[in-house]
Amino acid sequence: MTFEQQLQAALDARRKENLYRSRKLVGSAQGVRVLRGDKEYLSFCSNDYLALANEPRIINAMQNAAEQYGVGSGASHLVNGHSEEHHLLEVELAHFTGRPRALLFSTGYMANIGVISALVGRGDAVLQDKLNHASLLDGGLQSGAEFIRYRHNDMEHLEKRLAKCQARRKLIVVDGVFSMDGDEANLVDTCALAKKYDAWVMVDDAHGFGVHGEHGSGTVSKFGLGVEDVQIVVGTFGKAFGTFGAFVAGSETLIESLIQFARPYIYTTAMPPAVSAATSASLNIVMEEEHRREQLRTLITHFRNKCDAYAIPLMASSSPIQPILVGDEASALAISKILEAKGIWLTAIRPPTVPKGTSRLRVTFSAAHSLADVNTLVEAICEAMDELKVIKNKTA
Ligand SMILES: *Cc1c(COP(=O)(O)O)cnc(C)c1O
């Protein structure tokens with residue numbers, strides 16, 4: 001087979017397994033209602049939890065900063081791309097997370113790869129929950145450190161792994177809120193084990209910031225864990241903040257180490273200053289507008305009660321990520337298609353994003369959803385499941 005034929009064969013195989021992915025063209029701003037072509041969809045798959053991706057005050061901040069700083073940052077942070085807007089946001093984020101310092105990264109994917117490979121390598125070990133985000137797993141694999149995985153939130157298993165580990169440095173890496181399941185990491189016990197075995201803890205709280213904790217300060221803060229417990233906190237702006245980019249927060253030594261040694265920090269163009277300015281505006285709203293989190297809690301409770309009443313199986317999540325476990329890829333896809341015909345956008349999540357046999361409809365809520373939207377969704381899912389004779393009332 002030629003190069004081209006080999007690629008085509010892999011594509012064909014993927015299609016046959018119901019794992020083929022395709023993109024849909026969006027013709028409007030993000031929101032609860034989005035346009036695809038001339039059809040409007042009620043969307044339940046965005047990570048824009050606080051409905052800030054199209055918030056006028058944030059748009060305004062971005063426009064003003066673009067007037068002042070232009071659109072491009074011109075270079076990396078270490079050459080001449082480090083703007084006052086970047087600095088200001090870093091100071092605000094340090095305060096927000098209760099850490100001495102914070103450092104911006106262009107994306108969360110790059111932050112995770114950068115942090116892990118700057119801090120551990122050959123002779124070290126990185127220990128990761130099996131359900132960690134792909135960027136954390138990739139960072140661990142690229143770092144060259146011994147790569148150790150433990151069963152999801154299984155503290156006994158983690159302790160066994162730690163007890164056996166002879167590495168020079170040990171780094172435990174975990175999602176604060178698991179992105180495809182919506183449940184939280186057992187951070188308090190993880191930190192206790194880390195202390196006992198002299199390891200550091202890194203928490204990727206991409207889905208916790210803005211949603212959990214006082215003023216949306218995240219899962220780590222919710223459990224009162226300081227910089228001695230969780231040495232490294234990662235957050236992203238593409239979710240609850242509604243903008244784009246990411247940050248790492250921790251000690252002076254951590255941040256200086258990243259500036260010197262994290263290659264995805266050093267060898268990339270800084271995010272546009274206008275994106276930093278937008279994120280600063282967003283951070284203010286995240287901290288101050290508690291009603292957005294309140295609305296999310298109301299929606300989540302209503303959704304879970306309604307699913308119970310309709311015998312739709314739920315997963316153990318109290319976050320705006322409320323997946324409905326279906327199982328096989330074909331059924332998950334078929335339900336998603338039926339919903340699409342009804343004007344509801346809910347993507348089926350399939351392997352390799354989730355383990356085989358656990359394909360699901362990953363429902364996510366935004367503060368801009370209404371209770372009526374939730375009713376529309378649950379009723380439509382129920383009809384689709386009945387139509388396809390998907391077995392309900394099994395506990396996930
Ligand atoms: C989205 C996400 C990332 C990646 O962040 P980007 O800024 O989108 O690159 C990393 N970790 C988790 C848990 C995520 O959900």
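**A serine and the sheet beside it**

Tutor: Ser106 lies in the loop between β3 and α5, where helices (H or I, at least four residues) and strands (E, at least two) are DSSP runs numbered from the N terminus. This is a predicted model, in which local features need pLDDT of at least 70, side-chain atom pairs count only at pLDDT 80 or more, and totals for chains, interfaces and linings use all residues. Residues are numbered from 1 along each chain as its sequence is written, and side-chain values use heavy atoms, with hydrogens and water left out.

Student: Is Ser106 buried or exposed?

Tutor: The terms rest on relative accessible area, with buried under 20%, exposed over 50% and partly exposed in between (1.4 Å probe, protein chains only). Because Ser106 has a relative accessible area of 13%, Ser106 is buried.

Student: Which residues is Ser106 in contact with, leaving aside its neighbours within four places in sequence?

Tutor: Contact means heavy atoms within 4.5 Å. With those neighbours left aside, the partners of Ser106 are Phe244, Gly245, Ala246, Thr268, Thr269, Ala270 and Met271.

Student: What is the order of strands in the open sheet?

Tutor: Two strands pair if DSSP finds at least two bridges between them. The edge strands, each pairing on one side only, are β3 (101-105) and β5 (146-150). With mixed pairing, the 7 strands of the open sheet have the order β3-β9-β8-β7-β6-β4-β5.

Student: In which sense do β4 and β6 pair?

Tutor: Ala125 stands opposite Lys170 in β6. Over 4 bridges, strand β4 (residues 125-129) and strand β6 (residues 170-175) pair in a sense that is parallel.
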